[in-house]
Amino acid sequence: MNTDPIADYLTRIRNAVKANHRVVEIPASNLKKEMTKILFDQGYILSYKFDDSTVQGTIKIALKYNKETKESVIKKIQRISTPGLRKYAGANEMPRVLNGLGIAIVSTSKGVITGKQAQRENVGGELLCYVY
């Protein structure tokens, strides 16, 4: 029983990056699938695959590395809102991550979207994590 599945998702990615793994496998949920799609769309991961062969299913994420320096594209991936202390932001108070170079992943009434997209759509929500 995992009390914070999003923190587990982020930690698995963080650990795989530190160990220079090419692929990381994570137990699936709808929220994690949406977060994975955002990471792919924003260019932080190379590819992903949803495997629904088991009851819960898994997400296989191929991590992205810089060709010259062999460094991961993901420098930091940080959980913001926790089960013990939820963090919310309105549309006009969305944080700028690394002065606009990073992204904030936000859970809104319109689904899981980036902070910039939430500002454009004028909707607030729960700040799930920062990625840069």
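Asp4 and Arg79 are both buried in this predicted model. The two side chains also meet: they form a salt bridge, with the closest N and O atoms 3.1 Å apart. Asp4 sits in the segment before helix H1 (5-18) while Arg79 belongs to strand E4, so this pair ties together parts of the chain that are 75 residues apart in sequence.

Over the whole structure, a search finds 6 salt bridges. One of them joins Asp8 and Arg12, at 3.0 Å from N to O.

Another salt bridge links Glu71 and Lys75, whose closest N and O atoms lie 3.3 Å apart. How accessible are these two partners? Glu71 is partly exposed, because its relative accessible area is 43%. Lys75 reaches 56% relative accessibility and therefore counts as exposed, the cut-off for that class being over 50%.

Now turn to the backbone. Most residues other than glycine have a negative phi. Against that background, Lys70 is worth a look: its phi is near 60°, a positive value in a residue that is not glycine. Where does Lys70 lie? Its place is the loop between strand E3 (58-63) and strand E4 (77-79). With a relative accessibility of 56%, Lys70 counts as exposed.

The aromatic side chains come next. A pair of aromatic rings is described by the distance of the centres and the angle of the planes. For this model the count comes to 2 aromatic pairs. In one of them, the rings of Phe40 and Tyr48 have centres 5.3 Å apart and planes at 75°; because planes over 60 degrees apart count as edge-to-face, that is how this pair is classed. Tyr48 also pairs with Phe50, with 5.1 Å from centre to centre and 40° between the planes, an arrangement described as tilted. Together, Phe40, Tyr48 and Phe50 form one aromatic cluster.

Tyr48, at 29% relative accessibility, counts as partly exposed. Phe50 has a relative accessibility of 26% and is therefore partly exposed too; the limit for buried is under 20%.

Which residue lies over the face of Phe50? It is Lys33, at 5.4 Å from the ring centre. Phe50 thus has two partners to look for in the model: Tyr48 in a tilted aromatic pair, and Lys33 over the face of its ring.

Note on methods: Residues numbered from 1 in each chain as written. Predicted model: local features only at pLDDT ≥ 70, side-chain atom pairs only at ≥ 80, totals over all residues. Heavy atoms only, no water. Helix = DSSP H or I, 4+ residues; strand = E, 2+ residues; numbered from the N terminus. Buried < 20%, exposed > 50% of the residue type's maximum accessible area, 1.4 Å probe, protein only. Salt bridge = Lys/Arg side-chain N within 4 Å of Asp/Glu carboxyl O. Phe/Tyr/Trp six-rings, centres within 6.5 Å; stacked < 30°, edge-to-face > 60°. Lys NZ or Arg CZ within 6 Å of the ring centre and 35° of its normal.
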